[in-house]
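Please look at the sequence and the structure below, and then read the report that follows them with both in view.

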Amino acid sequence: MWFAIFKLLRVGVKEAKKHKAKKNGANADSDPDSNIDLSTTARAHAMPDSTTARNPLKPLLETLLRFIQFAFGLAVIGLYAQDLHGRHPPAWVYAVVTGFLACATALIYLVLPFVMKGRVPLAQRAGLHLPLFVWEAVMCVLWLTLFGIFGKMYIGVYTEGDGVKRMRHAVWVDLVNLGLWVGTMVWAGMRWWKGVKGERGVKEEDVEKGVVV
């Protein structure tokens, strides 16, 4: 008797499971949005997050470059500020102002990650890529002009005197600064170009989806 009761319960459980499975299948077929949600969810899990997939060496390298830019900007200020009271003051003032702008820019890049914790960093803000690239280009022009002015004055000049020797060293420091800012300008330009290319790809994909629909 107990065996018969157990067998009936077992058959009843199986039939209930089959009925529930058929009901769930019918609901899924009648609701197309559920399939879209499931596929979208699966795609979201399959695609890695850009923030987690980002190479941690890139922000470290950028921080190192900004620190070096800040240090060399201070060096330029120290080298040229000593002669502000002497001859050719406009050129020396221009050198100090260029060094100050470089230090201020590099310092902003160094401090912002600590101030904006938990927010989207500058490198991932598509709207700032072009303005940052333009400013980097302006800094390159300033350093190139500075190197040209003092390179013309002191490259190949080997007269005695601490001031002349210091200015010859300052010219090569200007050249190092120019190289550093050209490097970060190219980096900023690549970010902007990749952002524009990504936006075009998204727009083309949306257009294709619209045509298919």
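In this predicted model, the axes of helix H4 (residues 57-81) and helix H5 (residues 89-115) come within 8 Å and cross at roughly 155°, where helices are DSSP runs of type H or I with at least four residues, strands are E runs of at least two, and both are numbered from the N terminus. The axes are lines fitted to C-alpha atoms, for helices over the stretch in contact, and the angles run from 0 to 180 degrees between N-to-C directions. This crossing angle makes H4 roughly antiparallel to H5, since angles over 145 degrees count as roughly antiparallel, those under 35 as roughly parallel, those from 65 to 115 as roughly perpendicular and the rest as oblique. H4 passes H5 in a left-handed crossing, a term used if the near helix is turned anticlockwise from the far one by less than a right angle, with clockwise giving right-handed.

On the H4 side they include Glu-62, Arg-66, Phe-70 and Gly-73, and on the H5 side they include Trp-92, Gly-99, Cys-103 and Tyr-109.

Glu-62 in helix H4 counts as buried at 13% relative accessibility, where buried means under 20% relative accessible area, exposed over 50% and partly exposed in between, with a 1.4 Å probe and protein chains only. If neighbours within four places in sequence are left aside, Glu-62 is in contact with Tyr-109, Trp-187 and Arg-191. Arg-191 is also involved with another residue, as its backbone oxygen lies 3.5 Å from a polar atom of the side chain of His-129; a polar contact is a pair of N or O atoms within 3.5 Å, of which, within protein, one must be able to donate a hydrogen and the other to accept it, and residues adjacent in sequence count only if both atoms are side-chain atoms. His-129 itself lies in helix H6 (residues 126-154).

The loop between H4 and H5 holds Asp-83, whose contacts, apart from neighbours within four places in sequence, are with Trp-92, Arg-166 and Met-167. Asp-83 and Met-167 are 84 residues apart in sequence, yet their C-alpha atoms are 9.9 Å apart in space. Ala-71, in helix H4, has its C-alpha atom 9.6 Å from that of Ala-102, at a separation of 31 residues in sequence.

| Residue | Relative accessible area | Class |
|---|---|---|
| Glu-62 | 13% | buried |
| Ala-71 | 36% | partly exposed |
| Asp-83 | 19% | buried |
| His-129 | 10% | buried |

Among contacts between residues at least 6 apart in sequence, 75% join residues at least 24 apart.

An unreviewed UniProt entry lists residues 64-81, 93-116, 128-150 and 170-190 under "transmembrane region"; its positions are given in the numbering used here, feature names are shortened, and annotations may be inferred rather than shown by experiment. In the model, residues 64-81 are 100% helix and 0% strand, with end C-alpha atoms 26 Å apart, while residues 128-150 are likewise 100% helix and 0% strand, with end C-alpha atoms 33 Å apart.

Residues are numbered from 1 along each chain as its sequence is written. Local features need pLDDT of at least 70, side-chain atom pairs count only at pLDDT 80 or more, totals for chains, interfaces and linings use all residues, and side-chain values use heavy atoms, with hydrogens and water left out.

Methods: Contact means heavy atoms within 4.5 Å.
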